[in-house]
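User: Could you walk me through the packing in this one?

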Amino acid sequence: MELLLAITIGIVVATSVYLMLDRNALRFLFGLVLLSNAVNLIIFAGGRLTVGAPPLIPDGAYAPVGVVANALPQALVLTAIVIGFGLLAFTLALVYRTFMTLGTVNSDEMRIAEPRDKRELDTGRLGMGKADPEHPATGQEAGI
Amino acid sequence: MADDYPKVDRVMGGPAGWISIAFPAVLFLYFLGLLPQIVTGPQVHGIDWVPSLGIRLSVLLDGLSMTFALLITGIGTAVTLYSARYLGQHPDYPRFVCYLLMFMVGMLGLVLADNMISLFVFWEVTTIASYLLIGFNADSAKSRRSALQALLLTGTGGLVMLGGMIILGNVAGTFELSQILEMGDMVRAHPWYMGILLLFLAGAFTKSAQVPFHFWLPNAMAAPTPVSAYLHSATMVKAGVYLMARMNPALGSTEAWFWILTIFGGITAVLASVMALRQTDIKQTLAYTTLMALGSLTMFIGAGTHYAIVAAMTFLVVHSLYKAALFLMIGIVDHATGTRDATMLRGLRKAMPLTGLAAALAAVSMAGIPPMVGFVGKEFMYKAGLGLDGFGAIWVTAMIFAASAMMFVTGGIVALKPFAGDLAETPTPAHEGPWPMLAGPLVLGGLSLFFGLVPGVLGHYLVGPATHAVEGEVHEVHLYLWGGVNTALILSLLTFLAGWLLYRSHESIRARLIAFEARSPIDFDAGWDRLLDGFKAVAGWQTRLIQTGSLQRYMAVTFASFVVLVGGTYLVKGAFGAGLGLTTASVHPVQWTVLALIAVGSILVVWTHSRMTAVAAMGVVGIGVSLIFIMFSAPDVAITQLLVEVLVVVLVSLAMLRLPYLPRRSKASFRPGHALIAGGVGVVTTFLTISVLGSPFDRRLTTFFEAASYPEAHGRNIVNVILVDFRALDTFGEITVVAMAALAALALLRGTAPRKEEN
């Protein structure tokens, strides 16, 4: 099982990296979601896999009876899931706001801080609020 | 020095001024009191500073450091007294005093340090103080440029020297100079000797402004005159000379040492003498004569014979005395007449008799005319030059002849011409300077005469012990004014003749030099600017190359680095063996299905060009992951994962309502390079996970939590106990992160609500 799990993790990581290398911020976001899933799996698997024995202490006992699953990575992954969610929500808000302000989700076209050349600075490429919120899919529609 | 600043009413510079005068004066007396002990032999004291690195704050007090310490504090007293009157009413005078005292401490530390690393630290203190002092008139662009030039040049030299010190320290096994200087034979025979030598000389040559690093010194004259007198003639620029003299027992007496020092020193001396003639600003003239002195000192330390060292040590004192006096004198003239132009100054002797006297004493010493101490110095220089072998003798003697003749001329230009003849018109009417400004030049000029008349005192107390320190062995030193009729005396007389002839025609020579300079293609100062521009161009090119501004590029580089570094380590360390025990046997069909679900889901996210399909596929992956948590005994994690996954899908779907569609998939949208990187990261991750899972497992921490969970925290769900009890602070941090993310998202989303239709 460990071998197969490791290969699956590799596949998820590879797809997420490919997505994060995309110019499109949405695809980047998808990559981020997949990557945090993959990393959580690695941490979880790092504590070794135990079938059918959750880390619980039965009534009347002072310690778990028999071998139970490793509790520590579970606690770590719980924390990681929540923080990953916080990161995702923030990134999503950032992408959303960027699109509303700049009218693009293409990271190469976001050049306010580092204009490609000085002319962009002068000719008002910096014009804010170019987006048309009524028609968000300007020129790149591909259908649902 | 212009007086166009708002004056602040202070008597002798106020408290800052009094402190600045008392500090060097007290130290001077202290060192003077130690002098008789030093004549008998060197002393070493010290405390540990950074013991683990072998860095000690130790003091080496021998003839050489004593001579420097007396010059620093003695001339320092004259200069601070002078500055209190010269700049005492300047609004920034207290700042000036801070810089000057900082320099003084740095310079004293430099010459007294026995540990090379502390020597380096003090070396850089003087560099920084010099930067601040040259740039004291910070509203002048020229001052700022000169200050930066001096800082960059001497600072770089200092860093290079540090490299030499570290190598030498490792070769010798200690950073204490007093021990290294006794290992000279071992150091000279070491294969790294040449490297050490060149690194040290880079520091010494930049600090002491030897060709080709000489151009910063004339520019440093942008500093106020007392600073020029103190740092850029009497003390700081001699730090390089000090270093060479100090290292002579360890690095000196080799062919390389001899030729590098005598050739560069000689060229510096003669080039500077010629350049001195070309100047009309008498402060610039003096700046170039300082270069000439530094060149001569370098040359004689390089020559290395007993007479050469005596000549160098004598000339060191001689030069400091007359040059500081002349600079201070020029400050008075500038102050009193409003100009420093040699062509405008005439006949000041009646209006400024005491200034004239100080100028005469110093200039006669500079010209090397008896009975001044300058004559003693020159005699020994000739003697040293004639005492060398073969080509060295011709080279050194010729260089000294040329430089001395020029000194004679410059002495006349800076001290004879402005005071002789009829009074000429100057921007402000000439008047005598105040006593605090006159005291220094007069005392220094008087000392030039005193030491000339009784050279034995100088020889016994300063030059003798200093020579012992430089040579590393004891020889009797006997200085004298009259050595009988010999070759040196005849050369001296010839020098005067040549000097006199040159002085007669110096104005036409100056005109020709100016014309020649205008046509000459060699300009070090402009070259410096081109060098800096070149740096800027390279920096710009490199920034454009690395910082493309493309997020995609940065990400690709980061991931590729991960593949290369982690994968490379994996290969080099041969970590494949760790996971070999793992098999695919005994995998339940349900597990197969879940894993396949996850893999297919993530591939679908990449494959699809529909946002909704992608979101759904992400959900599939998330649910698959939570199924794995359930299968492997983590129900709490699985629940959280499921909840979060639902929230993610909802949030992303909501955002999709107003975000653009994904671009249509085309052949061009496949990126093979990125696919390669992504595949690499995936493969490396898989192998890492396999080797982690195949390694022995240390369960100690988990065992502790299992044992302590109920007895200590009264919880039966161990995961929950860890979260809210053992690692409660982490959980608190996690809550904070989520709260911050929510606040930041709120701030971002504010004002982006859909606009209402106008009608």
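Predicted model: local features only at pLDDT ≥ 70, side-chain atom pairs only at ≥ 80, totals over all residues.

User: How do the axes of α1(B) and α2(B) cross?

Analyst: The axes (lines fitted to C-alpha atoms, for helices over the stretch in contact, with angles from 0 to 180 degrees between N-to-C directions) of α1 (residues 14-40) and α2 (residues 63-86) of chain B come within 8 Å and cross at roughly 155°. The two helices, α1(B) and α2(B), are therefore roughly antiparallel, a label for angles over 145 degrees.

User: And which classes of residue make up that contact?

Analyst: The contact of α1(B) with α2(B) has 14 nonpolar, 8 polar and no charged residues; contact requires C-beta atoms, placed from the backbone, within 7 Å.

User: Switching topic, how many residues of each chain touch the other?

Analyst: In chain B, 96 residues are in contact with 85 residues of chain A. The largest share of the chain B side, 14 residues, comes from α27(B), and by class that side has 61 nonpolar, 24 polar and 11 charged residues.

User: What does L326(B) contact?

Analyst: Leaving aside neighbours within four places in sequence, L326(B) is in contact with L286(B), A359(B), A362(B), A363(B), V414(B) and A415(B).

Conventions: Residues numbered from 1 in each chain as written. Chains lettered and ligands numbered in written order. Contact = placed C-beta atoms within 7 Å. Helix = DSSP H or I, 4+ residues; strand = E, 2+ residues; numbered from the N terminus. Nonpolar A, V, L, I, M, F, W, Y, C, P; charged D, E, K, R; others polar. Parallel < 35°, antiparallel > 145°, perpendicular 65-115°, else oblique.
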